[in-house]
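Visitor: I would like to learn how to read aromatic packing in a model. Could you walk me through an example?

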Amino acid sequence: MKSFEFTVKDPEGFHARPAGAFVKEAKKFPCTIMVGKGDKKADARKMFGLMGLGIKGGETITITTEGEQEAEAAEALQAFLEANL
């Protein structure tokens, strides 16, 4: 299992456009990918789940990958977040 934290820099937060692109990136990997905010968690492959977390600018989220290609998924998603949020 790999895990990392990311603080959202975009003042609009995790809105529809970057959430859709994030889901698309997450679907490239066969492992389980979860996004957590506080005590809530959502499957990174489910756009409505991500939107339901209500991630705003300045908040810190935790990304957890587990299974086949977990290291590659964590690295790719961290790079995606840094480039887009």
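Visitor: Which residues form one aromatic cluster?

Guide: Phe14, Phe22 and Phe80 do. Before the details, note that this is a predicted model, where local features need pLDDT of at least 70, side-chain atom pairs count only at pLDDT 80 or more, and totals for chains, interfaces and linings use all residues. Residues are numbered from 1 along each chain as its sequence is written, and side-chain values use heavy atoms, with hydrogens and water left out.

Visitor: How many aromatic pairs does the structure hold?

Guide: Rings of Phe, Tyr and Trp (its six-membered ring) pair if their centres lie within 6.5 Å; planes under 30 degrees apart are stacked, over 60 edge-to-face, and the rest tilted. Here there are two pairs. Phe14 and Phe22 are edge-to-face because their planes meet at 75°, with ring centres 5.5 Å apart. Phe22 also pairs with Phe80, in a tilted arrangement with 5.8 Å between centres and 55° between planes.

Visitor: Which parts does the pair of Phe22 and Phe80 tie together?

Guide: Helices are DSSP runs (H or I, at least four residues), numbered from the N terminus. Phe22 sits in helix H1 (residues 16-26) and Phe80 in helix H3 (residues 70-84), so their pair links parts 58 residues apart in sequence.

Visitor: Is Phe22 buried or exposed?

Guide: Buried means under 20% relative accessible area, exposed over 50%, and partly exposed in between (1.4 Å probe, protein chains only). Phe22 is buried, at 0% relative accessibility. Phe14 is buried at 4%, and Phe80 is buried at 12%.

Terms used
Helix = DSSP H or I, 4+ residues; strand = E, 2+ residues; numbered from the N terminus.
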